[in-house]
Amino acid sequence: MKTTIGVGLVGTGYMGKCHALAWNGVKAVFGDGPRPLLVHLAEVNADIARQRADEFGFARSTGDWRELIADPEVDVVSVTTPNAFHAEMAIAALEAGKHVWCEKPMAVALDDAERMAAAARASGKVAVLGYNYIQNPLVRQIGAILSEGTIGVVNHVRLEMDEDFMADPEALFYWKSEASSGYGALDDFGVHPLSLLQVMFGPVTRVFAHLSKPYADRPTKDGTRRAVETFDIASVLFELGAGISGVMALSRSAWGRKGRIALQIFGSKGSVVYDQERMNELQLYVTSDKPTEQGFRSILAAPQHGPYDRFIPAPGHGLGFNDLKIIECHELLKAIEGEQARVIDFETGLGIERAVHAMAQSHREQRWVDIGA
């Protein structure tokens with residue numbers, strides 16, 4: 001086993017910083033695996049790249065991401081740029097013999113996602129996507145509850161993902177309202193609930209979707225208005241295997257919602273309820289309780305819910321978003337070392353992309369769409 005691994009980071013925005021924090025923290029939290037060496041950082045502007053490299057702890061910086069890809073000391077590349085650039089950068093890294101950790105969604109176009117998956121297969125390298133919510137210790141616990149049959153046979157699942165960063169109709173137009181970024185809430189948000197469904201139940205098999213724009217246009221910096229090209233709201237009916245029905249509701253314009261992924265799972269013997277805004281607790285209802293004591297119980301994250309114990313030795317103190325990214329980074333390193341890992345790789349991620357595009361097709365054609373392999 002290698003004792004170190006060279007890291008390259010492309011993009012230094014919100015998610016770029018999250019990756020940098022994860023690479024900096026993973027060894028201290030978990031103690032095992034190779035120690036990340038922060039080798040090279042790339043940004044579109046060389047001056048910003050130098051500044052961020054100093055802040056994040058990278059040895060070198062560049063204004064040309066291709067220079068980073070060509071660096072022989074880089075073993076794994078974090079791709080944290082806007083969606084439209086994922087395919088070109090990830091494929092180049094894989095063809096250069098690097099492992100890849102790419103933020104979601106894979107790409108704007110399904111053809112690009114398919115090319116990314118093909119490049120990963122051809123390279124033999126590890127290529128995973130940034131689905132950090134599946135790493136939450138309590139999401140893992142929900143999986144255990146399901147596999148142990150605690151709530152019986154699941155018959156229905158409901159998911160919601162809501163934020164309000166695009167709720168203001170007078171907020172300035174920016175790239176997430178451009179068609180080049182994707183469909184909107186469907187791929188910006190919907191892929192996260194789909195990742196939860198994937199690890200708990202497997203792939204979605206059939207969908208019926210409706211997309212909508214709460215605001216037709218937005219103001220621009222030059223004082224004009226520009227038509228919104230993406231859909232900030234999506235409503236989806238879906239089916240899973242084994243006859244499980246589901247509903248998914250997504251909104252980037254939901255005032256008061258900040259980081260909500262609400263999950264309700266209903267079974268023949270009980271229910272599980274979880275909300276990412278309260279990410280360190282879940283609610284469990286089981287019919288095996290005495291009738292006089294039946295009700296939802298709150299379960300707080302604790303050291304028994306690994307890998308919570310790697311961060312905090314006491315229950316109820318709580319993990320955060322960036323802690324999930326550190327867990328994801330550790331799972332990536334396990335995969336690179338050839339160990340079994342809890343990741344959404346490019347092959348599985350392609351299935352999620354196909355589900356998203358099937359939902360968009362359903363909206364266009366106003367019908368149920370089966371999701372092909």
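Q: Which residue in β11 stands opposite V207?
A: V207 stands opposite F238 in β11. This is a predicted model, in which local features need pLDDT of at least 70 and side-chain atom pairs count only at pLDDT 80 or more, while totals for chains, interfaces and linings use all residues. Residues are numbered from 1 along each chain as its sequence is written, and side-chain values use heavy atoms, with hydrogens and water left out.

Q: Why are β8 and β11 called paired strands?
A: Strands are DSSP runs of E with at least two residues, and helices are runs of H or I with at least four, numbered from the N terminus. Two strands pair if DSSP finds at least two bridges between them. Strand β8 (residues 206-212) and strand β11 (residues 233-239) have seven bridges in the antiparallel sense, so they count as a pair.

Q: What makes β16 and β17 the edges of the sheet?
A: The open sheet of nine strands has the order β16-β15-β14-β13-β7-β12-β11-β8-β17, with mixed pairing. β16 (297-300) and β17 (369-370) each have a single partner strand, so one side of each is left without a neighbour in the sheet.

Q: Why is the pair K258 and D164 called a salt bridge?
A: A salt bridge is a side-chain nitrogen of Lys or Arg within 4 Å of a carboxyl oxygen of Asp or Glu. For K258 and D164 the distance from N to O is 2.6 Å, and therefore the pair meets the definition. K258 lies in the loop between β12 and β13, and D164 in the loop between β7 and α7 (185-188), so the pair ties together parts that are 94 residues apart in sequence.

Q: How many salt bridges does the structure hold?
A: The structure holds 32 salt bridges, among them the one between R206 and E239 (3.4 Å, N to O).
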